[in-house]
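Hi,

Here is the structure I promised to pass on. Please have a look at it first, and my notes follow below.

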Amino acid sequence: MTDASLNTEYDVVVIGAGPVGENVADRARAAGLSTAVVETELVGGECSYWACMPSKALLRPVVARADARRVPGLSDAVQGPLGSAAVLAHRDDQAAHWKDDGQVAWLEGTGADLYRGQGRLTGEKAVSVTAPDGTEHRLTARQAVAVCTGSRAVVPALPGVDGARPWTSREATSAKKVPGRLVIVGGGVVGAEMATVWQALGSRVTMLIRGKGLLPKMEPFAGELVARALTEAGADIRTGVSATSVRRTAPDGPVVVELEDGERVEADEILFATGRAPRTEDLGLETVGLTPGSWLTVDDSCRVDGTTWLYAVGDVNHRALLTHQGKYQARIAGAAIAARAAGVPLLETDRWGAHTATADHAAVPQVVFTDPEAASVGLTLAEAERAGHRARAVDHDLAAVAGSGLYADGYRGRARMIVDLDREILLGVTFVGPGIGELLHSATVAVAGEVPIARLWHAVPSYPTISEIWLRLLETYRDE
């Protein structure tokens, strides 16, 4: 905790010390700007303790076992159950046992001052911090305040839901034991990944999905392949259904979910993976003419519309709710804050300039760590067509390249690239299959770099790797 006085002035005040806030602070300090960071929970934020790190720690043993079971000579050795205690212990290690000492040391190493407590705007460039002991610090920003408070899981207001003690993503990634039966409401990334984890650890998983299938924001075949694998593993996936009520009649008793057709589904726990809301309800937004609880609309430098000093970075601006994308925005916003503080003209008209978060629109990458993995960057075919592009989808069976057959027996996967027919560049790429997560960055470079199709022919994939799919996609485009 800083020893600064109760009234302190900084160049930059950052509210929220997750990965996004940490990166804004780091960029501001690197530019020589004095910086305060305010955090009400753990330094390191949602990603470190309840999202990216613990979820992927849970998923890694699941996917590794699945891969091993597809390798001749190894499959017989890994047919037994996963050691759930060891998996959960590994998760605890990766989440630093929900202690932020290491993250605090890193943040303080940048030269930023850390304030523990609830931060609220009290007017233009003014932030109050109510510490756990009731002390109030009043901070003033000479240049900028950056709101980096992230988002929270939304639980629908169904009858009985409050007494049912439902899981959100936080409980799903930090649970101390494996539930015998788990109902998951929602078929997005959190729902698909947590179904993969808990099914593999021994839960009987039932997924209730209001829409047509899993992973609705990706190409349709991504959700279809992931759903097929989950079903084969024993999960019960129901689409086109909605829960109408939830109840738990005894503290340690089962939870009962009633569906709109009157059917009841019983489980030991229920996870709602039904969307996110901004953590802006208690930030004092009303003191600067903004609406508490709202998403904050920003320009491409992440400056809040209608202001000259307030920035909203990461989930709170609703541009791309992904840790890596928030950190990217933080780098852009930090550079923009520093440039404006120095009076340097910004590259506002340069689409890929140093102060413009263009990738939020054109090249957002994401990996879903299910089995099979699903990874995408840029636009889907439907998105490209809605945006008015003259586009073509080019598909290829991932199992048809030599590297896939070497990776696993019975390999199943698919690749698609979306070609802008007028500019002959890629608008988007999707891969689905075992081991394709590390393949995505090559696609991200191609999309963000707007690499011409003619130049991609000169990017020779090594043989025999799964990345040979790039050559097959180009050949398919040429021959169609």
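**Helix packing**

In this predicted model, helix α3 (residues 52-68) packs against helix α7 (residues 189-200) at an angle of about 60°, and their axes are 9 Å apart. Axes here are lines fitted to C-alpha atoms, for helices over the stretch in contact, with angles running from 0 to 180 degrees between N-to-C directions. Helices (H or I, at least four residues) and strands (E, at least two) are DSSP runs, numbered from the N terminus. The angle makes α3 oblique to α7; under 35 degrees counts as roughly parallel, over 145 as roughly antiparallel, 65 to 115 as roughly perpendicular and the rest as oblique.

On the α3 side, the contact (heavy atoms within 4.5 Å) is made by Ser-55, Lys-56, Leu-58, Leu-59, Val-62 and Arg-65. Helix α7 contributes Glu-193, Met-194, Thr-196, Val-197 and Ala-200.

Arg-91 is found in helix α4 (residues 84-94) and is buried at 0% relative accessibility. Buried means under 20% relative accessible area, exposed over 50%, and partly exposed in between (1.4 Å probe, protein chains only). Leaving aside neighbours within four places in sequence, Arg-91 is in contact with residues including Pro-54, Leu-58, Trp-98 and Lys-176. Leu-58 also takes part in the contact of α3 with α7.

Lys-176 lies in the loop between α6 (169-174) and β8 (181-185) and counts as exposed, at 58% relative accessibility. Not counting residues up to four places away in sequence, Lys-176 touches Leu-88, Arg-91, Asp-92 and Trp-98.

**Cysteines**

How many disulfides are there? The count comes to 0, taking a disulfide as a pair of cysteine sulfur atoms within 2.5 Å. The sulfur nearest to that of Cys-148 belongs to Cys-302, 8.9 Å away. Cys-148 is buried, with a relative accessible area of 7%, and Cys-302 is buried too, at 0% relative accessibility.

Residues are numbered from 1 along each chain as its sequence is written, and side-chain values use heavy atoms, leaving out hydrogens and water. Local features need pLDDT of at least 70 and side-chain atom pairs count only at pLDDT 80 or more, while totals for chains, interfaces and linings use all residues.

Best wishes
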